[in-house]
Amino acid sequence: MPTTRTAPYQTAPIPAPAGIGLRFPHHDEIMASRPPVGFLEVHAENYMGGGRLVRDLEALRHDYPISLHCIGLSLGSDGPLDERHLERLSALAERIEPLFVSDHLSWSAVGGAYLNDLLPLPYTEEALAVFARHVEQVQERLRRSILIENPSSYLRFAHSTLSEWDFLAEVVRRTGCGVILDVNNLYVSAKNHDFDVDPYLAAIPAAAVHEIHLAGHTLKHVDGRELRIDDHGSPVIAEVWALYEQANRLFGPTPTLIEWDSNIPPLTELIAEATKVDQIQAAAAPRTSDAAA
Amino acid sequence: MQLRELQSAVGAFVLGRDGASATPLVLADGLTAGGRLGAYRNNTIISLSEALKATFPVVCRLVSERFFAYAADAFIRRHPPTGPCVSEYGGEFPDFLAAFEPVRQLPYLADVARLEWAINVAYHATDMGRLVPASLAALPPEQSARVTFVLHPSSGLVASPYPVRHIWDANQADGDGRADLDGGACRLLVCRLDRADAPGFSIVELNLGEHTFLRALADGKTLGEACQVATAEDKRFDLTATLSACFSRGTFVEARFAGSPEGRTP
C-alpha cells in the first residue's frame with residue numbers, strides 16, 4: 001500500500017531553474033540541504049523496490065517536481081512489453097505523481113535478456129509500428145502521455161529506410177507522445193554519423209518538446225577514427241552548449257536537465273552546470289509562439 | 001531483415017555469443033561494423049560489471065578490481081540480467097563464484113557474496129506491513145502450532161562454515177582487511193528494520209537453534225515443525241525468546257493456518 005501523504009504535493013508551474021539528475025551519491029546531501037534546483041529526475045528502475053530510497057524520493061516530492069526517466073521499458077523491442085515492469089512503473093507513478101514519465105527511442109531487451117544499454121533501432125516501417133504500439137500501450141496504462149528521448153548512437157543499420165528524425169516525428173504524430181530533446185545525444189550522433197543537426201531540429205514538432213537533456217560525453221578512437229561515447233561522465237562541452245542555445249531559440253524556455261552518471265562530481269559542481277542553463281534561458285528572448293500559454 | 005532477427009543477432013554480439021551475424025547489418029561508415037557494435041558490448045559489460053561491483057564490494061576487495069572485472073565478464077555473458085532493474089541483478093553470482101575454477105582456493109568467497117546479496121535484497125525489498133504479536137494472542141495453543149509465517153521480503157538467512165561476518169566487517173572502507181579464517185561458522189539474519197535508528201539493513205547473529213527455526217519457517221514449515229527441528233539441532237533453543245525477537249524485528253508480515261492459504265489469523 002502507498003503511504004498516506006500528510007499534505008498534497010505542490011503542483012509547480014513549468015520550472016524555470018534547471019533540474020538535475022538525482023543519483024545515489026547525492027541522496028543524503030540533497031535530503032539535508034534541498035538545493036534550489038527546478039526539478040529532480042531519477043531513473044525509475046532504481047526506485048521500484050522499497051526502503052529508504054523510495055521514502056526519500058517521496059519526501060523530496062514535497063519540495064520538487066520529480067521526473068521519472070525510464071531506461072528499461074525497451075519500447076523498441078520486438079515482442080510484448082514486460083508486463084511486470086509496466087505494473088511497477090505504474091505503481092511508482094501513482095505514488096510520486098511525476099512531472100514527466102519518459103524513456104528512449106531505443107531497445108534493450110532481447111530473448112529475455114536485458115542488455116543494460118540503449119541500443120539503436122533500424123529505422124523501418126516495421127520498427128516504427130512496434131515502437132508506436134508500445135508507446136501507446138504505456139500511455140494507456142499510465143493514463144498520461146510520455147516523453148521519448150532521441151538516443152545517442154554509435155551505429156546505423158544498413159536497411160533503415162527512414163531518417164531518425166522522421167522516425168521520431170512520426171512516433172510523435174501517431175501516439176501524441178512528447179519529446180525529450182537530448183542535445184548532447186544529438187551532437188554525439190551527428191558527429192558519429194556525420195549528419196547535419198538542422199534538419200533534425202526542424203523535423204521535431206516544437207510543441208512536443210517538453211524537456212531538454214544536457215550531459216557530457218567522451219571522445220574515443222576506434223579503428224583509427226573518432227567515436228563519441230555518451231557516458232555522462234564530464235561537463236557539457238562548449239559545442240553542446242552552443243547547440244543548446246540554438247535549441248533554446250527554436251523551442252523557447254524548456255525544462256532542462258543536467259545528467260551526470262559516471263565520475264559523479266560533488267553536488268556543487270552539478271548545480272553549477274545547472275546554473276549555466278538558467279543563465280542561457282534568462283538571456284534568451286522569451287518564447288513568442290502561443291504554445292507558451 | 002525482420003526486427004526480431006536483427007535484435008537477436010545484435011544481442012548475441014553484445015553478449016559475446018556470436019560475433020558474425022550482426023556485423024553485416026551495420027554500416028561501417030569509416031570504422032568497422034565490429035568496432036561500432038563493440039561500443040555497445042563495452043557499455044553493456046562495463047555498466048553491468050559496475051553494477052555487480054556496487055552490490056558485491058567486499059568480494060571485489062577480496063579478489064582485486066582486475067580479477068573482479070574478469071569474473072564479472074564471465075558471469076555477465078553466462079547470466080545476463082533478466083529484468084530492467086540493475087539493483088536486482090546478480091542473484092546467481094554467489095553460486096557462480098562457488099563453481100568458478102579460478103577462485104577455488106578462496107572457499108569462503110561465495111558465502112561472502114551470499115551475505116552481500118542478502119544485504120542488497122534487504123536494502124531494496126518491497127515495503128510491507130509487519131505482523132504484531134497481538135494478532136496471534138487470540139489463537140488457542142493447539143492451533144498456534146499449525147501456523148505458518150510469511151517472512152518480510154527483506155529477510156535473508158546466511159549460514160557459512162567461515163566467519164563471513166568478520167570477513168565482511170574487516171573489508172569495509174575503514175577495515176584493515178584482516179580476518180581469522182579459522183574463526184568458526186556463522187549464522188546470520190540480514191533484514192531491514194525500517195526504524196529511524198536503522199534505516200538501511202541490519203545483520204543479526206543467530207545461534208544454531210534460531211537459525212534452524214527461521215530457516216524452517218522460511219521454507220514454509222509450521223511453527224510446531226520449526227520448533228521441533230530447532231530443538232533437535234540445538235537443545236538450548238528458546239522458542240519464547242526467539243519469537244519475541246522476531247516480532248520486535250518485524251520479521252513476519254503474515255501468519256496463515258497450515259493447509260489453508262486464505263486462512264489468515266484473526
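# Briefing: the A–B contact, chain A and chain B

The contact takes 38 residues from chain A and 43 residues from chain B, where two residues are in contact if their C-beta atoms, placed from the backbone, lie within 7 Å. This is a predicted model, in which local features need pLDDT of at least 70 and side-chain atom pairs count only at pLDDT 80 or more, while totals for chains, interfaces and linings use all residues. Residues are numbered from 1 along each chain as its sequence is written, and chains are lettered from A in the order in which they are written.

**Side of chain A that touches chain B**

- The elements giving two or more residues to this side are β5 (107-110), β6 (113-119), α4 (125-142) and β11 (225-229) of chain A; helices (H or I, at least four residues) and strands (E, at least two) are DSSP runs, numbered from the N terminus.
- β6(A) gives the most, with six residues.
- By type, the residues of this side are 17 nonpolar, 12 polar and nine charged; Ala, Val, Leu, Ile, Met, Phe, Trp, Tyr, Cys and Pro count as nonpolar, Asp, Glu, Lys and Arg as charged, and the others, Gly among them, as polar.

**Chain A overall**

- Chain A has nine helices and 12 strands.
- Its radius of gyration is 18 Å, close to the 19 Å that the globule rule gives for 293 residues, so chain A is as compact as a globular protein of that length; the radius is taken over C-alpha atoms, and the rule is 2.2 Å times the number of residues to the power 0.38.
- Of the 293 residues of chain A, 48% are buried, that is, have 20 or more other C-beta atoms, placed from the backbone, within 10 Å of their own.
- In chain A, 77% of the contacts with a separation of 6 or more are between residues 24 or more positions apart.

**Chain B: domains and a sheet**

- Chain B is divided into domain 1 (1-106) and domain 2 (126-266), with bounds from an automatic or database domain assignment.
- The centres of the two domains of chain B, taken over C-alpha atoms, are separated by 35 Å.
- An open sheet of three strands in chain B has the order β2-β3-β4 with antiparallel pairing; two strands pair if DSSP finds at least two bridges between them.
- Its edge strands are β2 (156-160) and β4 (202-205) of chain B, each pairing on one side only.
- Five bridges join β2(B) to β3 (residues 186-191) of chain B; Ser160(B) has Cys186(B) as its bridge partner in β3(B).

Note on methods:
A residue is buried if 20 or more other C-beta atoms lie within 10 Å of its own, exposed if 12 or fewer, and partly exposed in between; C-beta atoms are placed from the backbone.
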